[in-house]
Amino acid sequence: MSGKYNFSNRKYVIGAVAIMVTVLYMLRLFALQLMSDDYKKNADSNAFRKEIQYPSRGLIMDRRGRLMVYNEPSYNIMVVMNEQIGVDTADFCRTIGITREQYEQKMQEIKAKRNYSRYTPQLFMAQIPAEEFSVFREKLFRFKGFSIEKRSTRHYATTLAAHILGDVGEVSEHDIEEDSYYQSGDYIGKLGVERSYEKQLRGEKGMKIMLRDVHGRTQGHYQNGKYDKAPVPGKNLTLSIDMDLQALAERLLEGKLGAIVAIEPRTGEILCMASSPTYNPNLLIGRDRGKSHKALKEDKKSPMLNRAVMGTYPPGSTFKITQALIGLQEGIITPQTQFPCSRGFNYKGLHVGCHGHGSPISLVPAIATSCNSYFCWNLYRMFGSRDKYATVQDAMTRWKDHLVSMGYGYKLGVDLPGEARGMIPNAEFYDKHIQGRWNGLTVISISIGQGEVTATPLQIANLAATVANRGHYYTPHVVHAVQGGQIDPAYRKVHRTMVDKKWYDYAVAGMRQAVTGGTCRGANLPGYEVCGKTGTAQNRGHDHSAFMGFAPMNNPRIAVAVYVENGGFGATYGVPIGALIMEQYLNDSLSVASQEKAEALQNRHISYPYYE
């Protein structure tokens, strides 16, 4: 009985083991055939070779059609790791001019990539110029698993506008995760319009499917190319930038830190955008891109920083135009309202200095002479008016709303990456950062563009364009046209401020008087009614020199902002530079006298010991 029982148990155990083994084999077969594509990839790689056909990247031209960015042929060396067997490594390294250590390092880098596949071509070496490639091409048949991929390298026809144009570099893992279009070894715009218009510039990839025999030799196109797809070239861009104006702007900023922005008021198109120091965009192409990029990043003066849109500065007296407009709209002042100025604003022991001029003074001459006292009184009255605002917080909220409608405090939306928003404080900011109660006297410095207020040179130029248009602006942008398409409709949208158009006439009158007999006399241009406003922005070191203006006064064609770090009074650098920019654009050239001024300004360098 016991023997039968044991035999019966063994029978069930053996049967259970057999069933488990069968189930395991079935699960493994299911995983291999249906869940895993390893064998399919291996089979496909033996039968087919898919060759990506890369499109040519779109060209970039200035507003007059002059070429700024183009493409030149280059080559990538690709490797399929599953096929890279029996290669004479020493011969390979000699042929392409690398060491054995570099070879091993590149192989390890390929295997470490997140999307690495041993069945698909991986980038081994990129952007080899055609003249260096010929020797490798002749010996390619010796290096099994390696192949050639024809690409193109970006080249810049000019050293100008590096911050606008940007550059192209190899995609990161993040780029690949964000967009399935890219794979390891592809290139993508990194900065400037190369980045912001990447999808228009890159085009669409094509594909060739080649048939291979059992020895891996290419036999021709699969089904005579029936399933091949031709690449679609990228779209060309026409910028709003005028290269001649850009060249002048960059010349005038040599040896200085700062920015110049010029805008066409009726469209919002940016005519020039210079940031100093700058760099040669051709440094960021080819195999030395990484080395050059590292050197530029380590430069203490930050040549890769586009100060025109990324730099935030106290706007100084250029900001007084916004305060005049807010005071008029809110009924705090009228054009005839006069305030005293005894070398500054003096009240309850607080003194804000000012230079000498007539007193009392009304609005238009206050703008022309850049009277600090006038705009301090204006803000103090507004923040203290309980007839209009229940609390100082309510007054400040209204104040900030006006400024936001004028393009301050938030990003304008320019078609370049990295734009900063600047700073317009609100009531909550002061409630948090000031102990106890605060009022207009506590924050009086914001009335003259100091204190917590900061803006980008682009925002200051946009204010000049808004005043030129008498109360509206278009979002500033650097691209005029996209081949076969349209620019974003957002750049055609009119933005109106909260200030009635009639009040802008007084701001214009004040800015015109500043040029004819005030702080901007150096901006006078024969034949044109120029309007301007200086800014001398206080700084921990030497003051910053600022200017904004537009011309002609009626039917304006250009609005400009100049900001020179540690340049002193607005009239020292801001005014003469702004005048030259307007003259160049309006006349398409500079007079002989102006050429001499430009050369003198170009050669005047400012010392920045804290960057040495």
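**Reading the labels on a predicted model**

Biologist: Helix H10, residues 243–252, is mostly covered, with seven of its ten residues buried. Which residues of H10 are the buried ones?

Modeller: In this predicted model, the buried residues of H10 are Met243, Leu245, Gln246, Leu248, Ala249, Glu250 and Leu252. Each of them is called buried because its relative accessible area falls under 20%.

Biologist: What makes Asp242 a cap for H10?

Modeller: A side-chain oxygen of Asp242 lies 2.9 Å from the backbone nitrogen of Asp244, at the N-terminal end of H10.

Biologist: Which helix is described as having nine of its ten residues buried?

Modeller: That is helix H13, residues 320–329, which is mostly covered. Its buried residues include Lys320, Gln323 and Leu328, and the helix is followed by Gly331, whose phi is positive, near 75°.

Biologist: Why is the pairing of Arg57 with Glu198 called a salt bridge?

Modeller: The closest N and O atoms of Arg57 and Glu198 are 2.6 Å apart, and the rule asks for a side-chain nitrogen of Lys or Arg within 4 Å of a carboxyl oxygen of Asp or Glu, so the pair qualifies. Arg57 sits in the loop between strand E1 (48–53) and strand E2 (60–61), while Glu198 belongs to helix H9 (residues 198–202), so the bridge ties together parts that are 141 residues apart in sequence. Both Arg57 and Glu198 are buried. By this rule the count comes to 26 salt bridges.

Biologist: How do you know that Lys205 and Asp186 form a salt bridge, and are these two residues buried or exposed?

Modeller: The closest N and O atoms of Lys205 and Asp186 are 2.5 Å apart, which is within the 4 Å limit, and therefore the pair counts. Lys205 lies in the loop between H9 and strand E8 (206–212), and Asp186 in the loop between helix H7 (173–178) and strand E7 (187–189), so that the pair links distant parts of the chain, 19 residues apart. Lys205 has a relative accessible area of 15% and Asp186 one of 2%; with the cut-off set at under 20%, both are therefore buried.

Biologist: What makes Asn554 partly exposed, and which residues does Asn554 touch?

Modeller: Asn554 has a relative accessibility of 44%, which lies between 20% and 50%, so the intermediate label applies. Asn554 lies in the loop between strand E19 (544–551) and strand E20 (558–564), and, not counting residues up to four places away in sequence, touches Arg470 and Glu529. With Arg470 there is a side-chain polar contact of 3.3 Å, and this contact qualifies because the limit is 3.5 Å.

Biologist: How many residues line the second largest pocket, and what is their make-up by class?

Modeller: The second largest pocket is lined by 16 residues, of which Ser317, His355, Ser370, Asn372 and Thr536 lie nearest its centre. By class, the lining has four nonpolar, ten polar and two charged residues, and the space within this pocket is about 350 Å³.

Note on methods:
Residues are numbered from 1 along each chain as its sequence is written. This is a predicted model: local features need pLDDT of at least 70, side-chain atom pairs count only at pLDDT 80 or more; totals for chains, interfaces and linings use all residues. Side-chain values use heavy atoms; hydrogens and water are left out. Helices (H or I, at least four residues) and strands (E, at least two) are DSSP runs, numbered from the N terminus. Buried means under 20% relative accessible area, exposed over 50%, partly exposed in between (1.4 Å probe, protein chains only). A polar contact is a pair of N or O atoms within 3.5 Å; within protein, one must be able to donate a hydrogen and the other to accept it, and residues adjacent in sequence count only if both atoms are side-chain atoms. On a 1 Å grid over the protein atoms alone, a cavity is a set of points where a 1.4 Å probe fits but cannot get out, and a pocket is an open set with protein on both sides within 12 Å along at least five of seven lines; lining residues have an atom within 4 Å of a point. Grid points are joined across faces, edges and corners, and a volume is the space filled by probe spheres set on the points. Ala, Val, Leu, Ile, Met, Phe, Trp, Tyr, Cys and Pro count as nonpolar, Asp, Glu, Lys and Arg as charged, and the others, Gly among them, as polar. Contact means heavy atoms within 4.5 Å.
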